[in-house]
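Welcome! Please take a look at the model below before reading on.

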Amino acid sequence: ISSLSLVPYISGLGCNVLGVNSTRIIKDDGQRLATILSMPFISCAARLPVYIIFIEVFFVKYQAIVLLFLHLLGIVVAIFVAYITDRKLSKHRKVTNVFSIPAYEKINWKYIYRATILKVKSYLVNAGKLIFIGSMIMWFLVSFSMSGFTTNINESFISGIGTMIEPILAPLGFGTIEASVSLLSAILAKELAVSALVVSYGAGDISALSSLIAVNFTTASALSYMVFTLLYIPCLATIGVIYSETKSKKYAIMSVVISLVIGYVLSFVVYNLANLFI
């Protein structure tokens, strides 16, 4: 992959959406696409609340090590996915990355205004449409049940979906309705995983949630849950901006499928290895 992928990856540590947008500096289409598809594996700041609450409960003595492990795992997986997809998608033409300092000129405010309007319009029309539709679907699933509107997430449609996928997540160590609901909710935004756990468990605050997590998770399943949160389906905003930047639903769907498969496989491996050595 291009050495310019480093810049989007660094941006992705803050937010994957910014990371995907930053790939515009990569001129080769194949390398840019490979970087875009690998971006969701970079651990963004939105995942930190999930890491923090589980690390504080199960890894008190090794907090920094576990947090570093999660970030490095995301980077390694991203580079691996970028390498594989680049070999499949790139035309393999050599690209020389040359940085040149442009001549200083008077700021053209009219051009900046027009370029900004065009970029914002493109984002709202392409990514915004997908984010809006996805958000409405998630809102409906969380807020309604067979009986109508509900404020109890455990009675909502999303809880019913969580019940169905509970057996699928069981081999990863966290096959519970609460974990399933939190992961489904986090598709909208990764940081929602914690609030969904609070509501699902009926915890009054974070301290109560920590106590419930200590009872319902083991060290191995907690590590597996964090790895899955890191690697599985990107948030809606990231999926939307992938569609916006590639102008292709195929690559947006591909990103979801690749991340889900890799997240499941690696979480399964981590869970079983953790059971052997921890």
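Here is a short briefing on a pair of helices and on some cysteines.

This is a predicted model, in which local features need pLDDT of at least 70 and side-chain atom pairs count only at pLDDT 80 or more, while totals for chains, interfaces and linings use all residues. Residues are numbered from 1 along each chain as its sequence is written, and side-chain values use heavy atoms, with hydrogens and water left out.

**Two helices side by side**

- Helices are DSSP runs of H or I with at least four residues, numbered from the N terminus.
- The axes (lines fitted to C-alpha atoms over the stretch in contact) of α11, residues 219–231, and α13, residues 249–277, come within 8 Å.
- These axes cross at roughly 160°, on a scale from 0 to 180 degrees between N-to-C directions.
- Angles over 145 degrees count as roughly antiparallel, and α11 and α13 are therefore roughly antiparallel to each other.
- Contact means heavy atoms within 4.5 Å; residues of α11 including Leu223, Val227 and Phe228 meet residues of α13, among them Ile262, Leu266 and Tyr271.
- By class, this contact of α11 with α13 has twelve nonpolar, six polar and no charged residues. Nonpolar covers Ala, Val, Leu, Ile, Met, Phe, Trp, Tyr, Cys and Pro; charged covers Asp, Glu, Lys and Arg; the others, Gly among them, are polar.

**Cysteines**

- A disulfide is a covalent bond between the sulfur atoms of two cysteines.
- With a disulfide taken as a pair of cysteine sulfur atoms within 2.5 Å, the count comes to zero.
- For Cys44, the nearest cysteine sulfur is that of Cys15, 6.3 Å away.
- Cys44 is buried (under 20% relative accessible area), at 8%.
- For Cys235, the nearest cysteine sulfur is that of Cys44, 6.5 Å away.
- Cys235 also counts as buried, at 16% relative accessibility.

Terms used. Angles under 35 degrees count as roughly parallel, over 145 as roughly antiparallel, 65 to 115 as roughly perpendicular and the rest as oblique. Buried means under 20% relative accessible area, exposed over 50%, partly exposed in between (1.4 Å probe, protein chains only).
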